[in-house]
Amino acid sequence: MDPAEFLRASRVVIVAGKGGVGKTTVTAALARRAGQAGLTTLVVDLEGRSGLPDLFGQPALGYQPSVLVPGGGGTADVLGRTLTPDDALFEYLEDHGLRRVSKRLVASGAMDVVATAAPGIRDILVLGKVKQLERADAADLIILDAPAAGHAITFLLAARSLLDAVRVGPVHTQAADVLELLTDPERCSVVLVTLPEETPVNELVETAFTLEDRVGVSLGPVVVNGLYPTIEGLDVDPGDEPDADAFRAAAAFRRARTEQQEEQLRRLAERLPLPQWRLPFLFEADLGPAHVDELAAAFG
Amino acid sequence: MTLSALVDDRHIIICTGTGGVGKTTTAAVLALEAARRGRRAVVVTIDPAKRLADTLGIKELGNTPALIEGDWPGELWAMMLDTKSTFDALVATYASDEEQADRILGNRFYRNISGALSGTQEYMAAEKLYELHESERFDLVVVDTPPTRHALDFLDAPRRLTAFLDHKLFRTLVVPTKAYMKAVNLAAQAVMRTMGRVVGTEALEDGLAFFSAFEGMEQGFRERAAHVQALLTQPTTAYVLVASPRADTVAEAAYFADRLEKSAVPVAALIINRVHPRFGKGLGPAARKRAKALATTPLAGLARNLAEFRTMADGEERHLVDLTERVAPAPVARVPFLPHDVHDLDTLTEIASHLF
């Protein structure tokens, strides 16, 4: 699927996947790709401690949006900001004329008790804020770096569960609005990220079906991250060249891993009929802006 | 103390680290090794994705230990934590009678706590660990902690949960018996009204009903939590930090190590999974130079491939040197990124061969 076309047709893209699959890297690359497609893009980081700004060579994100990649020459700005549940709660209380008590509610731990009475309330406040940003045209496209896998399901299910648990009041309205956003394919879709390995693929398939069945959210293409690119000539006999043994061992390793990958790509396609975007493994332990560009280009 | 010694001597091993670094697999390998060394070991996983069952080649794991058959002198057991039923059992233990237990178990607020309150999963893991340890059925209990960004969630969970159950605000509302409490109560009610505007009154009423049903059980819970907390910091309990050599997870692991150190439970060992193999001897720059020289020969592909792996290995090495110094004198073991996936006892055994 053409990434520029997909990104132009979306208002909010939620990137989700289990820990260790490179979700943040994929978020960065996708945001960069959107900027290149001329879309002013806002990346929202829910944990406030992710490696996202490092990938762009920028200082830590704050509550106010800051520039991750400036636009120019046909590309648009990529911006980033944090949005933690506590931020969202404070803002919500302020919006409802409760500014004075908000600090005390949180500091006394009373809010924890309340959040337990109505679980998912933090998630709804975060998603409610995202919806507000979308409605206010804060950017052409908002990309959300979602919590890791199992949590992503709870996170996205929050709206539906809260609608049942809280039947009246502002939180009910908020949950209804959020659900409307999540289930509108014109406004929102989820991009799931995995590695070409057995367990991550199984978990991705499970998550995909749960999200579709229980949240009713529209799924975009899946991203298979970290594929070893194919190299020609790995079967050549190095004879007694210096390093011949290392050549052979490294080639055997890469062949074995590449075969695994092919097998997993095939399994994924078989079990989940969604378009795939495939991103290469970069043989670099420290990723920076140049690598983000390389991955952005790999989306096609 | 070596990793072997830990597996031989300790009663409890807690595997900690961020998500996606292979904690579940590592926990299983440590328990398997203990069984192979003749100990009765049980591995407790908290992973909702049922990964451990997959890896051990069995269909399903429940909330009680299942024996894994195998050719070793000790015993290997495995179980998957069910947060809710563990909590239910605790309530049943400390309720004064069946009626009180039923009132709590049927309360919607309680069902939310047992399923969704952050920290409950960690506490129930600690609780299960305590129960298994006390049962004396096992010489070693290995626990795989929930993925978290906060190193101390697990260690601190018993204290936090009891603080929550003892919550003053709710206590004042539930127990407004004494006259001098009246003023406090009025203030509390104002706060409650505010909260009601946020979450709706039904949710609040559920909460109040819960705290009122829970009345009288806090003491038992608090004492139990104190025992659990003590067990978590005993010298027979070891914390094994699990990481991978990626820049972001190394940074997180360093943070975990610092926090554990500050809580006087230093890292007993560091296990690094998925380390890219270094083929032969030699570093990235030389390999890249050679690849350039061979670029137009039939060996181009082989040389480029080797250069890529050596570059990767160099980068990972840089990350790991710092982390190794940070946890010193704890031993550091590395598990190479394998040419195949880990999904059965044979592959667990293969990983063990890199650790022991």
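Asp137(A) sits in the loop between helix H7 (121-135) and strand S5 (141-145) of chain A. Helices (H or I, at least four residues) and strands (E, at least two) are DSSP runs here, counted from the N terminus. This is a predicted model: local features need pLDDT of at least 70, side-chain atom pairs count only at pLDDT 80 or more, and totals for chains, interfaces and linings use all residues. Residues are numbered from 1 along each chain as its sequence is written, chains are lettered from A and ligands numbered from 1 in the order in which they are written, and side-chain values use heavy atoms, with hydrogens and water left out.

Back to that loop. Asp137(A) has a positive phi without being a glycine. Over in chain B, Glu136(B) also has a positive phi and is not a glycine; its place is the loop between H7 and strand S5 (140-144) of chain B. Both table entries count as exposed, meaning over 50% relative accessible area; buried is under 20% and partly exposed is in between (1.4 Å probe, protein chains only).

| Residue | Phi | Relative accessible area |
|---|---|---|
| Asp137(A) | near 55 degrees | 53% |
| Glu136(B) | about 60 degrees | 62% |

Now for the inside. A nonpolar core is a set of buried Ala, Val, Leu, Ile, Met, Phe, Trp, Tyr and Cys residues joined through side-chain atoms within 4.5 Å. The largest one has 61 residues, and Val141(B) and Phe210(B) have the most contacts inside it. Helix H7 (residues 120-135) of chain B gives the most to this core, with seven residues. Another core, of 57 residues, lies apart from it and includes Leu79(A), Ala88(A), Ala139(A) and Val201(A). As for Phe210(B), leaving aside residues up to four places away in sequence, it touches Ile104(B), Asn107(B), Phe109(B), Tyr110(B), Ile113(B) and Leu165(B); contact means heavy atoms within 4.5 Å.

Thr26(B), in helix H2 (residues 23-36) of chain B, is buried at 3% relative accessibility. The Thr26(B) side chain reaches the backbone oxygen of Gly22(B) at 2.8 Å. With residues up to four places away in sequence left out, Thr26(B) touches Cys15(B), Val242(B), Ile271(B) and Asn273(B).

In chain A, strand S6 (residues 188-194) is mostly covered, with seven of its seven residues buried. In a regular strand the side chains alternate between the two faces of the sheet. In S6(A), Cys188(A), Val190(A), Leu192(A) and Thr194(A) point one way, while Ser189(A), Val191(A) and Val193(A) point the other. S6(A) pairs in the parallel sense with strand S1 (residues 12-16) of chain A over five bridges, and two strands pair if DSSP finds at least two bridges between them. Val12(A) has Cys188(A) as its bridge partner in S6(A). S6(A) also pairs in the parallel sense with strand S7 (residues 222-227) of chain A, over two bridges, and there Thr194(A) stands opposite Val224(A).

Chain B has an open sheet of eight strands in the order S3-S4-S2-S5-S1-S6-S7-S8, with mixed pairing. Its edge strands are S3 (66-68) and S8, each pairing on one side only. Strand S1 (residues 12-16) of chain B pairs in the parallel sense with S5(B) over four bridges, and Ile13(B) stands opposite Val142(B).

Pro329(B) is in the loop between helix H15 (300-327) and strand S8 (332-336) of chain B.

Terms used:
A polar contact is a pair of N or O atoms within 3.5 Å; within protein, one must be able to donate a hydrogen and the other to accept it, and residues adjacent in sequence count only if both atoms are side-chain atoms.
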